[in-house]
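Welcome! Here are a few exercises to work through with the structure open beside you. Try each task before reading its solution.

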Amino acid sequence: EDPAVSRFHCRIAREEGAFRIRDGGSLNGTFLSGVRIRDADLSREVVLELGSSLVRVRTGEEDATTLVPMVPAFGAIVGASSAMQRLFLLLDKVASSDINVYIEGESGTGKELVATELVQHGTRAEKPFVVVDCGAISPNLVESELFGHVRGSFTGADRDRVGAFESAEGGTVFLDEIGELPLELQPKLLRALEQREVRRVGESRARKVNVRVICATNRDLEREVNRGRFREDLYFRLAVV
């Protein structure tokens, strides 16, 4: 209810016996004892200042230990650490559903591999899996790449073209580097997700599509939302998990 707190203000997590706080690019900042912090370890009871609000953070009773069964791999993803074991459990649950998934991580951490294994372990494994790299396409061609176009709709459009959503009918569209998607195109992607229909560039008729959307980026989309560079409503449509 505090208007001075950003939509994604900060995250507090328990890591290695201490609380860690990361500011999410908030407009008014996160303060500890009058000092603005971006990433810090909180080793004792503290009071944080978020906008016009105060938040007390202190150590409580430890939760009971949860035993995680050891699984050597999830398809081509291999790992024995507790973090990877928790990831395998989550992927196994998510793969069997049709909900949209948002994968965040630095370049080289295996985001496309995670997307591929989600598809391979799901009900759409035998259907098309179409990959669109939003960061490698010219901004004025992204709409055509996603939704297709009709002949004569723009210079160079010498024939009708089917977009990624139509090509993936019944299957999955993987939108890599979704953080690079131009802001002016985001409402059209939001409509495609909400209405489950697309409209080719230069065409007035909408076409129904049945696809699952998995997206990934090395950007922090919560920060992008705070800065007005990514639509909040689209973020929540994409980041169901």
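**Exercise 1.** Leaving aside its neighbours within four places in sequence, which residues is Leu181 in contact with (heavy atoms within 4.5 Å)?

*Solution.* Before starting, note that this is a predicted model, where local features need pLDDT of at least 70, side-chain atom pairs count only at pLDDT 80 or more, and totals for chains, interfaces and linings use all residues. Residues are numbered from 1 along each chain as its sequence is written, and side-chain values use heavy atoms, with hydrogens and water left out.

Step 1: with those neighbours set aside, Leu181 touches Cys134, Val142, Leu146, Gln186, Leu189 and Leu234.

Step 2: A nonpolar core is a set of buried Ala, Val, Leu, Ile, Met, Phe, Trp, Tyr and Cys residues joined through side-chain atoms within 4.5 Å; buried means under 20% relative accessible area, exposed over 50%, partly exposed in between (1.4 Å probe, protein chains only). The largest such core has 33 residues, and Leu181 is one of those touching the most other members, along with Leu146, Phe165, Leu175 and Ile178.

Step 3: α5 gives the most to this core, with 4 residues.

**Exercise 2.** Which residues of helix α5 (residues 186–195) are buried?

*Solution.* Helices (H or I, at least four residues) and strands (E, at least two) are DSSP runs, numbered from the N terminus.

Step 1: the buried residues of α5 are Gln186, Leu189, Leu190, Ala192 and Leu193.

Step 2: seen down the axis, they fall within an arc of 160° (taken from the directions from the helix axis to the C-beta atoms), so they line one face of α5.

Step 3: their cover includes α3 (142–147), α4 (164–167) and α7 (232–238).

**Exercise 3.** How many bridges join strand β1 (residues 10–15) to strand β2 (residues 18–23)?

*Solution.* Two strands pair if DSSP finds at least two bridges between them.

Step 1: β1 and β2 run antiparallel and are joined by 6 bridges.

Step 2: on its other pairing, β2 meets strand β5 (residues 39–42) in the antiparallel sense over 4 bridges, with Leu42 as the bridge partner of Phe19.

**Exercise 4.** Is Tyr235 buried or exposed?

*Solution.* Tyr235 counts as buried because its relative accessibility is 8%. Phe236, at 37%, counts as partly exposed.

How values were computed:
Contact means heavy atoms within 4.5 Å.
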